[in-house]
Amino acid sequence: MVQNAANSGVGRSFIAFVKERGLRTINIVRREELVTELEELGADIVLTDSPDVAVRMRAAIGNDPVPLGLDGVSGKATSLLLDVLTESALLVIYGYMSGEPFTPDRNVLKAKNITTTEFWMYRDEYLPRHPDLGTESARLVAAGKLTLPSAPVYKAKDFTEALAHMEKNGKVLLDFNPHRG
């Protein structure tokens, strides 16, 4: 299985759920310092995004099939996943972190017979599965197999500092309550 946005909450959960099923993950991150952290969580292959990441990925896995891709970024990042996915794979789009639309190369989709679908967890058809997924998630957290880092909290008045942190490290939380600390 291959995914981008591997350090996100969805990405980390994907690693835990896939590992629990005895499958392997290929994970793409933006920052080198995340490689070891995700490997310690159970990620099999973690690569930093770069122009040659598809080549490095294929070198790492050889001819092993990659039947599932998880795309939380979209845009140009989707092309990378399509390069690595094998014949008759499924690509699940769940986010647009790049701000770019999902515009895959239709020729690649057709040549590899890749199916694409969007997943939005709060759609009616997925709601009945939430309790079981919550139970499995809780079990994995309790066993130490699923960990999600906390985002730092910044006061709204420190927005510039929060933005700088977010641009370098990812998610932050803003506290708009003027009466707290």
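**A colleague's note on the salt bridges, cores and rings**

1. Let me start with the charged side chains. Glu-20, Arg-21, Glu-136, Arg-139 and Lys-145 are joined to one another in a network of salt bridges. Please keep in mind as you read on that this is a predicted model.

2. Arg-139 is partly exposed at a relative accessible area of 40%, while Glu-136 is buried at 16%. The cut-off for buried is under 20%, which is why Glu-136 falls into that class.

3. How many salt bridges does the structure hold? The count is 13. Among them is the bridge from Arg-12 to Glu-37, whose closest N and O atoms are 2.3 Å apart. This pair links distant parts of the chain, since Arg-12 is in helix 1 (residues 9-20) and Glu-37 is in helix 2 (residues 34-40), 25 residues apart. Is Arg-12 buried or exposed? With 5% relative accessibility, Arg-12 counts as buried.

4. Another bridge to click on is the one where the side chains of Arg-123 and Glu-125 meet, at 3.5 Å from N to O. Here Arg-123 is partly exposed, with a relative accessible area of 39%, and Glu-125 is partly exposed as well, at 44%.

5. Now for the inside of the protein. The largest nonpolar core is made up of 21 residues, and those with the most contacts inside it are Val-2, Ile-26, Met-57, Val-66, Leu-85, Leu-91 and Ile-114. Two or more residues of this core come from each of these elements: strand 2 (26-29), strand 3 (45-48), helix 3 (53-61), helix 4 (76-84) and strand 5 (90-93). There is also a second, separate core of 9 residues, which includes Met-1, Phe-14, Val-92 and Tyr-94.

6. On to the aromatic rings, where the count comes to 2 pairs. One of these pairs is Tyr-96 with Trp-120: the ring centres are 6.1 Å apart and the planes are at 25°, so the pair is stacked. The cut-off behind that label is planes under 30 degrees apart. Tyr-96 is in the loop between strand 5 and helix 5 (106-112), and Trp-120 is in the loop between strand 6 (115-118) and helix 6 (130-142), so the pair ties together parts that are 24 residues apart in sequence. Tyr-96 is partly exposed, at a relative accessible area of 31%; Trp-120 is also partly exposed, at 31%.

7. Last, the surface. Phe-159, Leu-163, Met-166, Leu-174 and Phe-176 make a nonpolar surface patch of about 470 Å². Which helix gives the most to the nonpolar patch? That is helix 7 (residues 159-169), with 3 residues. Met-166 is found in helix 7 and is partly exposed, with a relative accessible area of 37%.

Methods. Residues are numbered from 1 along each chain as its sequence is written. This is a predicted model: local features need pLDDT of at least 70, side-chain atom pairs count only at pLDDT 80 or more; totals for chains, interfaces and linings use all residues. Side-chain values use heavy atoms; hydrogens and water are left out. A nonpolar core is a set of buried Ala, Val, Leu, Ile, Met, Phe, Trp, Tyr and Cys residues joined through side-chain atoms within 4.5 Å. Buried means under 20% relative accessible area, exposed over 50%, partly exposed in between (1.4 Å probe, protein chains only). Helices (H or I, at least four residues) and strands (E, at least two) are DSSP runs, numbered from the N terminus. Patches are made of residues with over 30% relative accessible area and no salt bridge: like charges are joined within 9 Å, nonpolar side chains (Val, Leu, Ile, Met, Phe, Trp, Tyr) within 5 Å. Accessible areas come from the Shrake-Rupley method with a 1.4 Å probe; for residues, only the protein chains shown count as cover. A salt bridge is a side-chain nitrogen of Lys or Arg within 4 Å of a carboxyl oxygen of Asp or Glu. Rings of Phe, Tyr and Trp (its six-membered ring) pair if their centres lie within 6.5 Å; planes under 30 degrees apart count as stacked, over 60 as edge-to-face and the rest as tilted.
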